[in-house]
Amino acid sequence: MLAETAALRLGTTVANAAGRLWLGGKQREQERLLPMEELVRVRVPGVRLQREVRQQFEQITNAVFDRLEPFLQHAFQRLEEGGREAVINAVSDTFASADLSDQVLLSVNANPAELMRHITSSVSGPVGLNDAEIRLYEVLFAECVEYYVRIVRSLPVFEERAAVELLARTATVGAEVARILQRLPDRSLLAPEGADFDTAFRRTYLELVSRDLDEVELYRRTSDQAAAPRVRLSVAYVSLMATSDDGKRRVSSRELPPLRPDMSYWEEAGGESTGVRVEAVLSDSPRVLLRGDAGSGKTTLLRWLAIMAARGAFAGELISWNGLTPIFVKLRDYSGRTPPKPEAMLDGIAGTITGIMPKGWVERELHGGNALLLIDGVDELVDRDRRAVRDWLRKLLAQYGGVRVVITSRPVAAGADWLRREGFAAIHLERMTPPSMAAFVRQWHQAVRELGSELPCPVEEIPQYEQSLLASLKDRAHLQSLAGTPLLVAMLCAMHLNRGRQLPRDRMELYRNALHTLVHDRDADRNVPSAADSVLSLGDKLVILRDLAWRLSDNHRSEIDLDKAAKYVSSKLRAMRHLDVLDGDQVLEQLRHRSGILRSPVEGRMDFVHRTFQEYLAAEEAAEEDRIGNLIGRAHLDLWRETIIMVAGHANTRQREELLDGILDRAEVEPRHARRLRLLAAACQETLPAVSDGLADRLEQAVTDLLPARRRTDPPALAAVGTGLLRWLPNSLGELTQNSAAQTVKTVALIGGEEGLKKLKGYVGDDRSAVVGELVEAWNYFDADAYVEAVLSKLSLDGRDVHIWHSGQLSAASRLRSMSSAHIECSIQSLGILAEFPPLDALWVSSVQGEIDLSLLAGHPDLKRLLLFGDNLVTGASIVSNLTKLSWLALPVRGYPDLKFLETLPRLNFLSISGTSTSTDMRPVAKLAEMGTLHVVGAGEISGFGEMGSMSTLRHIFVYGKDVRSWIEEIESIPPSFIDLHLHQCVVPSRRNAFEKFGGAVRLSSCRLIDGAEVPNVRDGSTE
């Protein structure tokens, strides 16, 4: 019996028992004996209401299934098939035999434990089960009784005379029950066999953990005095990416993502992370040191682990953790104190129930290897306390070696080798990738829906807020750059919600809020001990950080030696006369540990976590110290571009005029740098509060001189100016040359946004080939459906390749009825989507992940080019024989040794077959008279292709991974048109003159002999 089958049966048993009690009523004992289906028909008026009741109890069945299926997956591994079925039968039979009436429920005060004792004393237990089966029976029966009581207690009293009104009010009862069961802690299959007091306390404790840790502050209201609303963490949680951390790794890039990255960047495979899901990394080691920068999600991850352990709800890689007892220790609670002994470990999160904790309970959990010890915030302690924590942990693990441990820290406070001698594997939380940003935004908005009237907008508008923010993230590269951690994405979500679906177009405010959050506010809100000792205000910290940022930028550096940085800090502190004398080394150390924007990329050096923060702070310092002349002299250097744009925002009126006039003056006298300088001046308009009329005229003229775009390099440079450029671009392309018109389309696509889409919509109707081509390519920069509606559906696409780069475009492409050629560049599971496409004459599919059913090509009989790539089994290949117009074909043939279906393709000029084996009969290929190029990919030998001399037009053969020894010997003649043979990673003959018949037309790369000896690469007949 499968775990799924068993869980479904038990779920049905519990739900039906609750349903019979609810619908049967106090006076209808006979009716309660009816099957559930019949009881619904008898007691519920009307077909529609009957259907709704059935649906609600099906939802309850699913909720019980979701709770039990993970348990059974684990437990069934220990039992034989017969034992599994016997246990499930026993639980179901006991439920069927038990008196579950309302009188019994009242007599036991609806207490699950009391009801279970009542049933076991009044119903005969199962017979014939072994010890393991009995143990599983007891646990499953206890769980089912618990669910039954919880369900019954959540159902309203059923009164027949008010049935219609009652059912209308309880249309969501199934969802409510599912939520109640979801929050229950697990009655673990792996729980210790200890005294009854241990079991009861564990149940109470897990219930508290499941309830109290399952909340997270998602945003702060506009008013600082207002309480921050909290929602369920288990709803808001998003899995993050992590990598193994040896302490020597260079941290990931601090640069901006590509200018206006296309939408495929937001697919699951997109982004720059090389990590894997953190749950997968955690499952590989029983002891983990989890390192991550400020706001990277370390604490949230630990809380989620605690909640999932309490509920026994782990799945996938961590399913074996079900049954562990979570113990969550916040180290900041022990600042200046000795870390807790086992009996005090629950004080932080379960202090309200430690008075009833059985003596030695925590020790028994640790000793039995049943504990999951979650230790948060090494970095939140001062250095002397960190050393005490390491000693405490070392002694604890020496006594309780079987316990699983996850401990968190920022990298600067605990190196990767900090606990290596204790057997800890270090892992590092990566920056969020675009797909994880999108997932976080979706989950954040899903979670805030629970706040209802506490929201600053109607609940029904939340989906619009979600889509609006995602669109902004996709359109604005600087937002993606900023949103590298859950903390900063949450900040953007909150700002967007509180501002009524608006984010500042001026990035200065975003960076300022992010800096204040990271540098000061977050630690102050959480009362972090290692930050509490600081006498520096937020303003003081920013003054020091500004000075460091300028010194780095001024020397064209992105990182600095720690000793040199400490000297700079000491120098700045001496100038801050309102402060007592402070030690520069200590202040720098504190800023590295707690500011959230400094880090150590390698031992002994320091940089800013992202170049954006360095540029913003350096710009503020330049304005404060009036270094405008310095910046004008550097304005032609790309390295200073972003800093100068932000100086324009930080500067006062005089400084702005001086800066921009100086840049434009240089443009007039330096032809070599003129274009770059004008582009920079135009880009500064994003951050400018206001300018004089004279300067406004000069800026207008500078932009006019840049347009129209002519060269391929122009669109990225112009798009960097931002959305403000759109007002200078024409609404019609008629007066532009074809080349300039095409480059203008590209420029608008790179700018993007709603305004960009409106502009491109106005360009529809220009049927010049290059313009249409750019309009088609621009699809990848906009929402797939919106762009099809506004632009692509209005273009004639016949004879033009349409590239489909990500899954979001697949369904939208089906509305392009004039499309005749599709290049599907993203992975797809099957060819089923082709049934929705218009008839094609060319199709390219880069990767089919599932079974390749070629019969789905029946709707495309006029295909001339068909190129399919994938490694799975192929079915329905006979359909190919009907595609008689094919001239190009690439096809996996795994599972098809007989290639006779190729014989009906007389026009075939290009053929690539992959997945071949020794059993693949190549004789039908030799009959393709018009074949020009042949690719053969696979393993084993080439069979039946010795007679290739009749292929009079064959020019090129490429073979990959095959054993060609026999084939080379079998070849009788070479076609007169033949040019070359390419062999890659093949097994070749050892005979020196084996390739004589090909003359010098053989190229070998990475080939070997049958004994494994490598063969020198050969190109044009010569050994490389």
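Colleague: What links Glu143, Glu146, Arg150, Arg203 and Glu207?
Modeller: A network of salt bridges links Glu143, Glu146, Arg150, Arg203 and Glu207. This is a predicted model: local features need pLDDT of at least 70, side-chain atom pairs count only at pLDDT 80 or more, and totals for chains, interfaces and linings use all residues. Residues are numbered from 1 along each chain as its sequence is written, and side-chain values use heavy atoms, with hydrogens and water left out.

Colleague: Why is the contact of arginine 150 and glutamate 207 called a salt bridge?
Modeller: The term needs a side-chain nitrogen of Lys or Arg within 4 Å of a carboxyl oxygen of Asp or Glu. Arginine 150 and glutamate 207 meet at 3.2 Å, N to O. The pair therefore qualifies. In total, the structure holds 44 salt bridges.

Colleague: What makes the pair of arginine 150 and glutamate 207 a link between distant parts of the chain?
Modeller: Arginine 150 lies in helix 8 (residues 131-154), glutamate 207 in helix 11 (residues 196-212), and they are 57 residues apart. Helices (H or I, at least four residues) and strands (E, at least two) are DSSP runs, numbered from the N terminus.

Colleague: How do you know whether arginine 666 is buried or exposed?
Modeller: Buried means under 20% relative accessible area, exposed over 50%, partly exposed in between (1.4 Å probe, protein chains only). Arginine 666 has 12%, so it is buried. Its salt-bridge partner is glutamate 670, at 2.8 Å, N to O. Glutamate 670 has 24% and therefore counts as partly exposed.

Colleague: How do aspartate 963 and arginine 965 meet?
Modeller: Their side chains form a salt bridge at 2.9 Å, N to O. Aspartate 963 is buried because its relative accessible area is 12%. Arginine 965 has 28%, so it is partly exposed.

Colleague: What makes strand 5 mostly covered?
Modeller: In strand 5 (residues 287-291), five of the five residues are buried. On one side sit Arg287, Leu289 and Arg291, and on the other Val288 and Leu290. In a regular strand the side chains alternate between the two faces of the sheet.

Colleague: How do you know that strand 5 and strand 8 pair?
Modeller: Pairing requires that DSSP finds at least two bridges between two strands. Strand 5 and strand 8 (residues 404-409) have five, in the parallel sense. They therefore pair. Leucine 289 stands opposite isoleucine 407 there, and arginine 291 has serine 409 as its bridge partner.

Colleague: How many bridges pair strand 5 with strand 9?
Modeller: Four bridges, again parallel, join strand 5 to strand 9 (residues 425-429). Leucine 290 stands opposite isoleucine 427 in this case. The open sheet has seven strands in the order 4-3-9-5-8-7-6, with mixed pairing. Strand 4 (276-277) and strand 6 (325-330) are called edge strands, as each pairs on one side only.

Colleague: Which order does the sheet of three strands have?
Modeller: This open sheet runs 10-12-11, with antiparallel pairing. Three bridges join strand 10 to strand 12, and two join strand 11 to strand 12 (residues 605-608). In strand 12, aspartate 607 stands opposite arginine 599 and is also the bridge partner of glutamate 559.

Colleague: What lies between strand 11 and strand 12 in their hairpin?
Modeller: Five residues separate the two strands, and glycine 604 in the turn has a positive phi of about 85°.

Colleague: What makes Asp561, Asp563, Asp583 and Asp585 a surface patch?
Modeller: Patch residues have over 30% relative accessible area and no salt bridge, with like charges joined within 9 Å (nonpolar Val, Leu, Ile, Met, Phe, Trp and Tyr side chains within 5 Å). Asp and Glu count as negative, so this patch is negative. Aspartate 585, in helix 26 (residues 584-594), has 47% and is therefore partly exposed. That value is over the 30% limit.

How values were computed. Accessible areas come from the Shrake-Rupley method with a 1.4 Å probe; for residues, only the protein chains shown count as cover. The place of a charge is taken as NZ of Lys, CZ of Arg, CG of Asp or CD of Glu.
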